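Subject: Handing over the structure

Dear colleague,

I am passing on the structure below, together with some notes on what was found in it. Please read the notes with the model open beside you.

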Amino acid sequence: MIKQYKTFRGGLHPPDCKAGSAHKAIEDCPLPEELSIHLSQHIGVPAEVCVAVGERVLKGQAIGRARGMVSVPVHASTSGEVVAVEPRPHPSGKTLEAVVIRPDGIDERHGALSGADYRSLSPEQLRERIRGAGIVGLGGATFPTHVKLSPPPEKSIDTLIINGAECEPYLTGDHRLMVEAAAGIVLGINIFRRALGARRVCVGIENNKPDAVLAMRQACRETGIEVVALATKYPQGAEKQLIYAMTGREVPSGGLPMDVGALVQNVGTAEAAAAALSSGRPLIERVLTVTGPGVAEAKNLRVRIGTPLSHLIACCGGLKGVPAKIIVGGPMMGTAQLGLDVPAVCGTSGVLVLREEDLAVRPEGPCIRCGRCLQVCPARLAPTTIAAYARLDRMSEARAFNAMDCIECGSCAYICPSAIPLVQSIRHAKASISAKRKKH
Amino acid sequence: MDQKLYISSSPHLRAKQDTEQIMRAVIYALLPACAVAVYLFGLPALRVLALCTLTCVLTEVCCQKLMGRPFTWRDGSAALTGILLALNLPPSSPWWLVLIGAVIAIVIGKQVFGGLGHNPFNPALVARVVLLISFPVQMTTWSAPTPWGSGLDVVTTATPLGEMQSAVMLTGELPAALQQNTLNYVLGNMGGCLGEVSALALLLGAAFLFWKRIITWHIPLSFIGSVVLLSGIFWLIDPSRYPSPLFHLLTGGLILGVFFMATDMVTSPVTPWGMALFGVGCGLLTVLIRLFGGYPEGVSFAILLMNAATPLIDRYTRPRVFGHGAAKAQA
């Protein structure tokens, strides 16, 4: 009998393209000549700069103060001199305020940093430490972790889900982290578990990473943490789809995971939280994958936040051929870049370089009603209908067809044989519907 | 860096199969049936196929020239319509009949609605039905199959379904011989349209379409299932008057219709349940028209009628959106 792996309805199987880096151990990326550390490292309010040009900063020292509840401080990722505080290109495509540091090569650690045994701390103290360390979700959405760990009292969370699915093609950072740093991840999971008081804890990993499943199972022995092998399918790592696969619960439309008693944290976030608690190291580095046919050698790198993409690519032997598209993140949901002077931020899970011949640009054709977008949509929407209304600027109809439930995974646009930019039109519809809501 | 970079929103990858490949795959899937048609009916069949396909493509080009729209004949949809229409014509069709049919298919069946993807009815079937009503004599003059090299002159004959209907009308009973020709029906050794005669060749093409994931089981299974069920009920009631389900499956345009016309993406529902409902409608209408209608063959009419119901079916079979209502919570 074929073993049935847990999954959700819909989704698809893009070529996974992970072979180039899946078996490469994580390397430490050397320091670049200049780091530009953005004050917007997460989706909350940007941090407020608290260092001046000319000042010497130490590794782990706060250079930006948190502003408000949904915000965390930003730290220097090495020691050196602050040479500028100015707008710099951000992977989002905007130009945003950044602190530019010229490393002195000493990598001197800030003296105030110290670890603690998480078991001696109360949930409140754990959240405060996590916030102080600037921990945000490293899966890509960069939501401040302490906020997620502070559900309102009326919403009890019984299930903590750790996301090790890594369903984006090309990306292997989480995979390598699970193989190489399973113990650290388990420590992080225990910290989250204590902060939340969750009864059930489970780790979901796509079954195309058997070595990661094995490593995590070994590390989780006698901890009560379940490790679940999931079907390999995009977007298995999408929050609502992952919760459904692991618990059979559907997050209601417009709701949050806590509405079904669940909370999802990425494996990288768990590892970062573990480092913050055990050694006091704030979030100043992350693991990411530099990959794609346009890079000489694909690698998994441990990278200081603020390292420019050009430096990352140079560490991988440089470009191969002529780059035509540079993407931060994965190919399904990542952001195309204007150039290589953009730095890595907390949400940067990968850098993907594609050449002209990898793009397969083709003109848009008419919808032939093949229904594939409906088959693959994990939210079970009718993408072609919503997109058609969006393009006619009939947003109330787009809303009636549940445009707001789109998770923007891009499966519809990927599968469309007529190359219709379906998810792009739905995103546009969602943006105008929310804008209209705000006005009223 | 001096190179120009592409900027677009995600996703940055695309599935390989495009519209042109889908159309081409359906054309490939029809080739076995075309080959059998040429083998059984000889050069006239080849002439009908070539003339029909060519006329369809040329008509599409002319329409788009006149309307000032970009040429799209390369997407293969016009050629596909041509082949499908040819397979729905008698081997003895005169050239003018083929010409009229091809022009009707492209102009009235497709371009007046805005071209590929916008037509509510299957263009080849629109043409076939118009021809059947306008030129009943030419459309029901059937050649007996004369396999290549058998040296026989073309002889006219009846189709098994036609024979059945006239026999039942005249005598109230089925001719005994009619139901014993199963092997001939499977291979195609009977009178009929170019493409409807060989179940084997059509099934081979259908298997290819399943393999390429161009069609799903929803429409074929529900279509065939409902034909078997309804014709089976009648057959059990009175086997001397109503033919067996097997006879229904193997004769007439059923197999061609089920796998190649009813599954036409443009004119069939997009939701899985909608497809199943569509198939059931096609099957029931086919049997009712065959047994009680004025025409021996009901597949074309059944599919066209269900094409008209497609928007309605799509509207009422939309899947429940993730996170809306009826969500079951289980630990």
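**Where the two chains meet**

In this model, 45 residues of chain B are in contact with 62 residues of chain A. Please keep in mind throughout that the model is a predicted one. Between them, chain B and chain A bury about 4500 Å², and 55% of this is on carbon and sulfur atoms. The count of residue pairs in polar contact between chain B and chain A is 28, with both residues at pLDDT 80 or more. On the side of chain B that touches chain A, the elements that give two or more residues are helix H1 (19-41) and helix H14 (299-316) of chain B. Sorted by class, that side of chain B has 20 nonpolar, 16 polar and nine charged residues.

Two salt bridges are counted between chain B and chain A. One of them joins B:Arg320 to A:Glu250, where the closest N and O atoms are 2.9 Å apart. Another salt bridge brings together the side chains of B:Asp314 and A:Arg369, at 3.0 Å from N to O. This pair crosses between chains, with B:Asp314 in helix H14 of chain B and A:Arg369 in the loop between helix H9 (356-359) and helix H10 (372-376) of chain A. B:Asp314 counts as buried, at 10% relative accessibility, whereas A:Arg369 is partly exposed, with a relative accessible area of 22%.

A:Tyr414, which has its place in helix H13 (residues 411-415) of chain A, has contacts in both chains: leaving aside neighbours within four places in sequence, A:Tyr414 is in contact with A:Leu12, A:Pro14, A:Pro15 and A:Met332, and also with B:Pro11, B:Leu13, B:Arg14 and B:Ala15. Its relative accessible area is 7%, so A:Tyr414 is buried. A:Tyr414 and A:Leu12 are 402 residues apart in sequence, yet their C-alpha atoms are 9.2 Å apart in space.

**Inside chain A**

Strand E12 (residues 262-266) of chain A is mostly covered, with five of its five residues buried. A:Ala262, A:Val264 and A:Asn266 point one way from this strand, while A:Leu263 and A:Gln265 point the other way. In a regular strand the side chains alternate between the two faces of the sheet. Strand E9 (residues 159-164) of chain A pairs with E12(A) in the parallel sense over five bridges, and within this pairing A:Ile162 stands opposite A:Gln265.

With a relative accessible area of 0%, A:Leu149 is buried. The C-alpha atoms of A:Leu149 and A:Phe192 are separated by 7.4 Å, although the two residues are 43 residues apart along the chain.

A:Gln41 has its place in the loop between strand E2 (35-38) and strand E3 (48-49) of chain A, and at 6% relative accessibility it counts as buried. A polar atom of the A:Gln41 side chain lies 3.1 Å from the backbone oxygen of A:His38, and the side chain of A:Gln41 also reaches the backbone nitrogen of A:Cys346 at 2.8 Å.

**Salt bridges over the whole structure**

A search of the whole structure finds 34 salt bridges over all chains. Among them is the one in which the side chains of A:Glu48 and A:Arg65 meet, at 3.6 Å from N to O. That pair links distant parts of the chain, with A:Glu48 in strand E3 and A:Arg65 in strand E5 (residues 62-65) of chain A, 17 residues apart.

The side chains of A:Glu408 and A:Lys430 likewise meet in a salt bridge, at 2.9 Å from N to O. A:Glu408 lies in the loop between helix H12 (395-400) and H13 of chain A and A:Lys430 in helix H14 (residues 422-439) of chain A, so this pair ties together parts that are 22 residues apart in sequence. A:Glu408 is partly exposed, with a relative accessible area of 22%, whereas A:Lys430 is buried, at 14%. Finally, salt bridges that share partners join A:Lys59, A:Asp107, A:Glu271, A:Arg281, A:Glu285, A:Arg302 and A:Arg304 into one network.

With best wishes

Conventions: Residues numbered from 1 in each chain as written. Chains lettered and ligands numbered in written order. Predicted model: local features only at pLDDT ≥ 70, side-chain atom pairs only at ≥ 80, totals over all residues. Heavy atoms only, no water. Contact = heavy atoms within 4.5 Å. Buried area = accessible area lost by both parts, 1.4 Å probe. Salt bridge = Lys/Arg side-chain N within 4 Å of Asp/Glu carboxyl O. Polar contact = N/O pair within 3.5 Å; in protein donor to acceptor, adjacent residues only side chain to side chain. Helix = DSSP H or I, 4+ residues; strand = E, 2+ residues; numbered from the N terminus. Nonpolar A, V, L, I, M, F, W, Y, C, P; charged D, E, K, R; others polar. Buried < 20%, exposed > 50% of the residue type's maximum accessible area, 1.4 Å probe, protein only. Pairing = 2+ DSSP bridges.
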